[in-house]
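Hi,

Here is the structure I promised to pass on. Have a look at it first, and then read my notes below.

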Amino acid sequence: VTGLLTAKTGFALAKGQPVLQALQENWAELTQLCLGIGAVYALLLGGIAVIRNQSYEMMNAQLSFDAERERHARQQTETELRLLRAQIEPHFLFNTLGAVQQLALRDGQRAAELTGNLITFLRASLSEIRADQVTLQEECELIRAYLHVMQVRMGARLQFAIDLPVRFQAVRIPSMLILTMVENAIKHGIEPSVNPGQIQIRVASDNGNICILTEDNGVGLSEVQTGGTGLQNSRERLQLMFGNAAELAIYERAEGGVCAAVTIPDTTKTGQST
């Protein structure tokens, strides 16, 4: 507009025409030009606003979809977990009570010991059964009570050790996660073996992560140990709690037996809760 106005003024001066007269004669043309530029500018702003709104709507729709998908995944995993617990707990309880009955007939002292260990385990498991997350200390207390019960049932065929450094005791994990690894180690590794069984649970730092190892000296890998329902459920729960930062790996040890390695982020250095 400024350029056109300057050109018109220069042309009028060249013809000897007064500038004011030249501006009056071309006022309508200048007005139309300004209106046209304003209309184009308004259309551009409107188009940008529409594109921006569409982008926001798509972003919100994607966020809502992801949130809904995660909610359904969590519900499905929780349902599978409840079903898994419903299958495992009665089986374990009935087998233990059967062992108590047999021991009571020939060894009252061991029967009383087994009953006491069972009570300890059930008391420790009550809170975990109702909780989605527990600390590593709580999980290890439950595992220790469970393995004491299994020791009375299996006798000298089972030994265990738990190494949990103090700095990792308050770290939170999905409830009964490591207990599932221990149950698999006994059921699929140690019970089928003719040799004395050993289970070792170790928690250590590993390149900015926390690694929780459940190792046994049993018969080695089986299809159930690598892809069973319990392990799949454990992987899904780790994914829900930690995302892609967590991992559950099952591999055969060079010296025999199996290691289940759970890797989660280590936030203890920053004073945050995992």
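**What I found**

Let's start inside: Cys 259 is buried, with a relative accessibility of 0%. Cys 211 is buried as well, at a relative accessible area of 11%.

Before going further, please keep in mind that this is a predicted model. The chain has a mean pLDDT of 78, and 73% of its residues come out at 70 or more. One stretch to treat with care is residues 11–17, where the pLDDT is below 50. Leaving out near neighbours in sequence, that stretch makes six contacts in the model.

Back to the cysteines. How many disulfides does a search of the whole structure find? It comes back with zero. For Cys 211, the nearest cysteine sulfur belongs to Cys 259 and lies 7.1 Å away. Looking from the other end, Cys 259 has the sulfur of Cys 211 as its nearest cysteine sulfur, again at 7.1 Å.

Now for the outside. Which residues form a nonpolar patch on the surface? They are Tyr 56, Met 59 and Leu 63, and together they have about 330 Å² of accessible area. Leu 63 counts as exposed because its relative accessibility is 53%, and the cut-off for exposed is over 50%. You will find Leu 63 in helix H3, which covers residues 27–106.

Cheers

Terms used
Residues are numbered from 1 along each chain as its sequence is written. This is a predicted model: local features need pLDDT of at least 70, side-chain atom pairs count only at pLDDT 80 or more; totals for chains, interfaces and linings use all residues. Side-chain values use heavy atoms; hydrogens and water are left out. A disulfide is a pair of cysteine sulfur atoms within 2.5 Å. Buried means under 20% relative accessible area, exposed over 50%, partly exposed in between (1.4 Å probe, protein chains only). Patches are made of residues with over 30% relative accessible area and no salt bridge: like charges are joined within 9 Å, nonpolar side chains (Val, Leu, Ile, Met, Phe, Trp, Tyr) within 5 Å. Accessible areas come from the Shrake-Rupley method with a 1.4 Å probe; for residues, only the protein chains shown count as cover. A salt bridge is a side-chain nitrogen of Lys or Arg within 4 Å of a carboxyl oxygen of Asp or Glu. Helices (H or I, at least four residues) and strands (E, at least two) are DSSP runs, numbered from the N terminus. pLDDT is the predictor's confidence in each residue, from 0 to 100. Contact means heavy atoms within 4.5 Å.
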